[in-house]
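Subject: Structure handover

Hello,

Here is the structure I promised to pass on. My notes follow below it.

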Amino acid sequence: MKTNIIKLRLPGSLYQRIMTDLNRPHDFAYERVGFIFGITTIINEHTRLITFNEYQPVDDDNYIEDDSVGARIGSRAIRSAMQQVMDQSCSAFHVHLHNHKGQPNPSGDDIAGLPPVIDSLANIDPDQPHGVLILSKDSFFAWVKVKGEIQLVIPEIISVVRYPMVIQFPSEKKVALNKLLLRQSFLGERSPAIFEHIKVGVVGLGGGGSHLVQQLAHLGIKHFTLFDFDKVEDSNHNRLIGAHFADIKLKLSKTEIAKRLILAINPTAKITIVNARWQEATDKLQQCEVVFGGVDTYGDRGQLEAECRRYLIPLIDIGMDVHETEQGFHISGQVILSMPSQPCMRCMGFINEDKLALEAAKYGKVGGRPQVVWPNGLLASSAVGIFTDLVTGWSGQKERVVYLAYDGNSGLISNHIRLEYLEPNCDHYTLEQLGPPKFIKL
Ligand SMILES: [Zn+2]
Ligand SMILES: [Zn+2]
């Protein structure tokens, strides 16, 4: 087992700021430099997640004229980054751009000049990982210094959380498009590798989640983390994809059924199951690059969204409902993509205090809300479509905000009307609130 697994995540807004700044021409320096700062979460003894939330450009007069290297910065710029590490006890990374496409590699100057910069940062706060991030036009390279480790560590994954995501596995080998995935080659040359390496979480494996895992397995997703505390029983057999009649008697857990379903489609899949509420295994959730939510209540949705925002994880939520009106029964549903630092479910008006209060008042009284198989299938299919575009960018859509409304009586799925009135930014969750919550001692 690898001893150190590092994941780096940058919000899209921060990435945009870095790229804009590093692309500005300088009077004499060939390339620009900056520093990014982030919060490190120790997920387990092997795994650290660094979520970045701040960028510090280097002022023009802090560059030193030196023809032998692309960019030399003065000690003032480095000291200012060191000061930030001291004040915030955060992780700091030196960042610069190699202006080409494809994966960048450190140059001779980088190999000689950058490790000492990392050491200066590590001397200030050795408990935090610090490093170097090299950007290209569409990819990354990084080195990370971890306490107790002599060698610099290359992260397992570097990702930019926006629509579409930029995802790089620095030690990625090209995955050949095998016969099984031939018909989806339009998703892009890198799509088989992305599907093979990306970690996907599915919270709730009932009517919605069971459809999701089935389709994700066919798509070629290999790493699943499945959360559900429930078992199959008579009352959910009408919509639980993958459940056999005999499973009811055996009282199989929904996670076991989902695992069996995935492995039947993709025998090499790596599946982690959590037979508990996701709140009891947040470390497993934090490791996922994208999470699907198929949970029952607004309260649980809100909590899941808050957790995903803290760790810069896009959350794709699906759900359906049946209402009785004077005209009869009406089926409705939604697919929401909750992207960190973009409008959340509260911004979209999907979650509000009234709904939460109503739900809390009814708690325990409503047994067996109506649920059927086909709306869940439609919503799950739409969600898998959103996911596929989010991680591959095949459709060319950019900065897409997703709130799809399903009218189960007409069978139509369309953009929710509230999208037209949406503010672009979310005030409910900010980038200052990344990582584990800090409790201030009074
Ligand atoms: Zn370089
Ligand atoms: Zn919001």
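Which residues form one aromatic cluster with Tyr298? Phe350 and Tyr403 do. Rings of Phe, Tyr and Trp (its six-membered ring) pair if their centres lie within 6.5 Å; planes under 30 degrees apart count as stacked, over 60 as edge-to-face and the rest as tilted.

Before the rest, the ground rules. This is a predicted model, in which local features need pLDDT of at least 70 and side-chain atom pairs count only at pLDDT 80 or more, while totals for chains, interfaces and linings use all residues. Residues are numbered from 1 along each chain as its sequence is written, chains are lettered from A and ligands numbered from 1 in the order in which they are written, and side-chain values use heavy atoms, with hydrogens and water left out.

Aromatic pairs

The structure holds seven aromatic pairs. One of them is Phe141 with Trp143, edge-to-face at 5.4 Å centre to centre and 80° between the planes. Phe141 is buried at 7% relative accessible area, and Trp143 is buried at 13%. Buried means under 20% relative accessible area, exposed over 50%, partly exposed in between (1.4 Å probe, protein chains only).

Phe350 and Tyr403 also pair edge-to-face, with 6.2 Å centre to centre and 75° between the planes. This pair links distant parts of the chain, 53 residues apart. Phe350 sits in the loop between strand 16 (328-338) and helix 10 (353-362), and Tyr403 in strand 17 (residues 403-407). Both Phe350 and Tyr403 are buried. Helices (H or I, at least four residues) and strands (E, at least two) are DSSP runs, numbered from the N terminus.

Zinc sites

Donors are N, O and S atoms within 2.8 Å of the metal (3.2 Å for Na, K and Ca); water is not among the atoms, so sites may look incomplete.

The zinc ion (ligand 1) is coordinated by His96 (NE2), His98 (NE2), Asp110 (OD) and Asp110 (OD), at 2.0 to 2.7 Å. Its arrangement is irregular because the four donor atoms subtend angles of 54 to 154°. His98 lies in the loop between strand 6 and helix 3 (108-124), and Asp110 lies in helix 3, 12 residues apart. His98 and Asp110 are buried.

The zinc ion (ligand 2) has Cys344 (SG), Cys347 (SG), Cys426 (SG) and His428 (ND1) as protein donors, 2.1 to 2.4 Å away. The site is tetrahedral, with angles of 100 to 117° among its four donor atoms. Four donors count as tetrahedral if all angles lie between 85 and 135 degrees; four count as square planar and six as octahedral if opposite donors are over 155 degrees apart and all others between 65 and 115; anything else is irregular. The donor spacing is C-x2-C-x78-C-x1-H. Cys344 is buried at 0% relative accessibility, whereas Cys347 is partly exposed at 23%.

Eight strands form an open, mixed sheet in the order 8-7-6-2-3-1-9-10. Strands pair if DSSP finds at least two bridges between them. Strand 8 (140-145) and strand 10 (166-168) are the edges, each pairing on one side only. Six bridges join strand 7 (residues 130-135) to strand 8, and the two run antiparallel. One bridge couples Leu135 with Phe140 in strand 8.

Thr41 belongs to strand 2. Thr41 is buried, with 4% relative accessibility. Beyond neighbours within four places in sequence, Thr41 contacts (heavy atoms within 4.5 Å) residues including Thr47, Gln286, Tyr311 and Pro436.

Best wishes
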